[in-house]
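Please look over the sequence and the 3D structure shown here. A short briefing follows them.

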Amino acid sequence: MHKHFNTAGPNIAALHYQIDPLARIDLPNLLDLIAQQRYFVLHAPRQTGKTTCLMALRDYLNRHDDYAALYVNIEGAQAARGDVASAAQVLVGQLAVQATLLFGLDIVETQRADLLARGPYEAFASALRLLSGALAKPVVLFLDEVDALVGDTLISLLRQIRAGYTDRPKHFPQTIVLCGVRDVRDYRMTMADGEVI
């Protein structure tokens, strides 16, 4: 099989020429942030290798014994715009898919309807609690394309993550990395009632 240069998505070592993704990041610093149970943001322009690096870090962590790492792309929830219920379906669904693919753990999938029945403002946090409790190792979650969410869908996601923060690492992800083109910490959202978040 011929290797070639790739600019259309994540690099796959067997198919694409690439620099070792882990050599492109400050791995000791990232591992320290994870060990400290930090939640943090990774942002950079498109086509700079963010997803490739996240997937390489996920695989690196899963090869060792300390963490259960998942990469979840939530870009599909962008179409929901301000429809929090539709976004919750995508978030829970994508988490279920990755848990099944990576760990053969279908607990989120089999309980998806019950999780969504808890309401769109609790479903994703409930799914994260369920998954974290089912895995023997602390969870490290990479959420990619977070900045694709807007308005209430983004606010709901961020508030659910914040609400579970005190339950980590046994009942909520030890570390969550929010990844995207823009830094979500810089967002200022004005709600219909004029409240700025």
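The model is predicted. The protein chain has 7 helices and 4 strands.

**The chain as a whole**
- The protein chain has 197 residues, and 44% of them are buried.
- Among contacts with a separation of 6 or more, 72% are between residues 24 or more positions apart.

**Helix α6**
- Helix α6 covers residues 123-134, which is 12 residues.
- At 1.5 Å a residue, α6 should span 16 Å, and this agrees with the 17 Å between its end C-alpha atoms.
- The buried residues of α6 are Ala-123, Phe-124, Ala-125, Ser-126, Ala-127, Leu-128, Leu-131 and Ser-132.

**How α3 and α6 pack**
- Two packed helices are described by the distance between their axes and the angle between them.
- The axes of α3 (residues 84-103) and α6 come within 9 Å and cross at roughly 20 degrees.
- Angles under 35 degrees count as roughly parallel, so α3 is roughly parallel to α6.
- The crossing of these two helices, α3 and α6, is right-handed.
- From α3, the contact is made by Ala-88, Leu-91, Val-92, Leu-95 and Ala-99.
- From α6, Ala-123, Phe-124, Ala-127, Leu-128 and Leu-131 take part in the contact.
- By class, the contact of α3 with α6 has 10 nonpolar residues, no polar ones and no charged ones.
- In an α-helix, residues three or four places apart point the same way, because there are 3.6 residues a turn.

How values were computed. Residues numbered from 1 in each chain as written. Predicted model: local features only at pLDDT ≥ 70, side-chain atom pairs only at ≥ 80, totals over all residues. Heavy atoms only, no water. Expected span 1.5 Å × (residues − 1). Buried < 20%, exposed > 50% of the residue type's maximum accessible area, 1.4 Å probe, protein only. Axes fitted to C-alpha atoms, helices over the stretch in contact; angles between N-to-C directions. Parallel < 35°, antiparallel > 145°, perpendicular 65-115°, else oblique. Left-handed = near helix turned anticlockwise from the far one by under 90°. Contact = heavy atoms within 4.5 Å. Nonpolar A, V, L, I, M, F, W, Y, C, P; charged D, E, K, R; others polar.
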